Amino acid sequence: MTLNYWKSKAGKSERWSICALALLSFTAGSFITACLAHIHAVRADSNHVFELRVYHTLPGKVPALESRFRDTASKLLVKHDLKVVGYWVPEGTSDWDNTFIFIVDHSDREKAKKSWDAMIADPEFQGMIKSEQTDKLVEKVDRTYMRPTDFSPMK
């Protein structure tokens, strides 16, 4: 029925107008998509880095470290513009029983260094470090900076 309407009711100029409008819409959509794809590609080439921090705790101290991050450290990280992507506690393997992991999102390595230096100089952080000396939780910290690949969904 639609095809018959198209043939009988719409004149030749109307059909061309509809086709031209459809072609124009397609072209505009393609152009916008190409522009967005280019912006996405440029972002992938930036200096953006993620920092993986793996805390190896003394046996049985992960819950205490979780509390410290929940109650104090996470607030200090926010205060010093350290954007945490997430916190994790591995499960299902005894090799990782005493491990606490988090990832920080940085615009670049220089900004990361400035933010960490500011946090380390913060008197509130210094107090937290002093309490760590009396109630030792962490054995060692592994830190790795990672750049996203050009095909990574998270850039």
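## Val-54 and Thr-57 in strand E1

Val-54 is found in strand E1 of this predicted model, and because its relative accessibility is 9%, below the 20% limit, Val-54 counts as buried. When residues up to four places away in sequence are not counted, Val-54 touches Trp-96, Thr-99, Phe-100, Ile-101, Lys-140, Val-141 and Asp-142. The C-alpha atoms of Val-54 and Val-89 are separated by 9.8 Å, while the two residues are 35 residues apart along the chain.

Thr-57 also lies in strand E1, and with a relative accessible area of 3% Thr-57 is buried. Leaving aside neighbours within four places in sequence, the residues in contact with Thr-57 are Val-62, Leu-65, Asn-98, Thr-99, Leu-137, Val-138 and Glu-139.

## Composition of the chain

The chain has 5 helices and 4 strands, and these elements run α-α-β-α-β-β-α-α-β from the N terminus on. Of the 155 residues in the chain, 27% are buried. Among contacts between residues at least 6 apart in sequence, 74% join residues that are at least 24 apart.

## Packing of helices H4 and H5

Helix H4, which covers residues 109–121, packs with helix H5, residues 123–134, at an angle of about 70 degrees, and their axes are 5 Å apart. Because angles of 65 to 115 degrees count as roughly perpendicular, H4 is roughly perpendicular to H5. On the H4 side the contact is made by Met-119, Ile-120 and Ala-121, and on the H5 side by Pro-123, Phe-125 and Gln-126. By class, this contact of H4 with H5 has 5 nonpolar residues and 1 polar residue, with no charged residues.

## The largest pocket

The largest pocket has a volume of about 390 Å³ and is lined by 22 residues, of which Tyr-55, Phe-125, Met-128, Ile-129 and Val-141 lie nearest its centre.

At least two residues of the lining are supplied by each of strand E1 (49–57), helix H3 (62–79), H4, H5 and strand E4 (138–146). By class, the lining of the largest pocket has 14 nonpolar, 1 polar and 7 charged residues, whereas the contact of H4 with H5 has no charged residues.

Methods:
Residues numbered from 1 in each chain as written. Predicted model: local features only at pLDDT ≥ 70, side-chain atom pairs only at ≥ 80, totals over all residues. Heavy atoms only, no water. Axes fitted to C-alpha atoms, helices over the stretch in contact; angles between N-to-C directions. Parallel < 35°, antiparallel > 145°, perpendicular 65-115°, else oblique. Contact = heavy atoms within 4.5 Å. Nonpolar A, V, L, I, M, F, W, Y, C, P; charged D, E, K, R; others polar. 1 Å grid on protein atoms, 1.4 Å probe; cavity = no way out; pocket = protein on both sides within 12 Å on 5 of 7 lines; lining within 4 Å. Points joined across faces, edges and corners; volume = space filled by probe spheres on them. Buried < 20%, exposed > 50% of the residue type's maximum accessible area, 1.4 Å probe, protein only.
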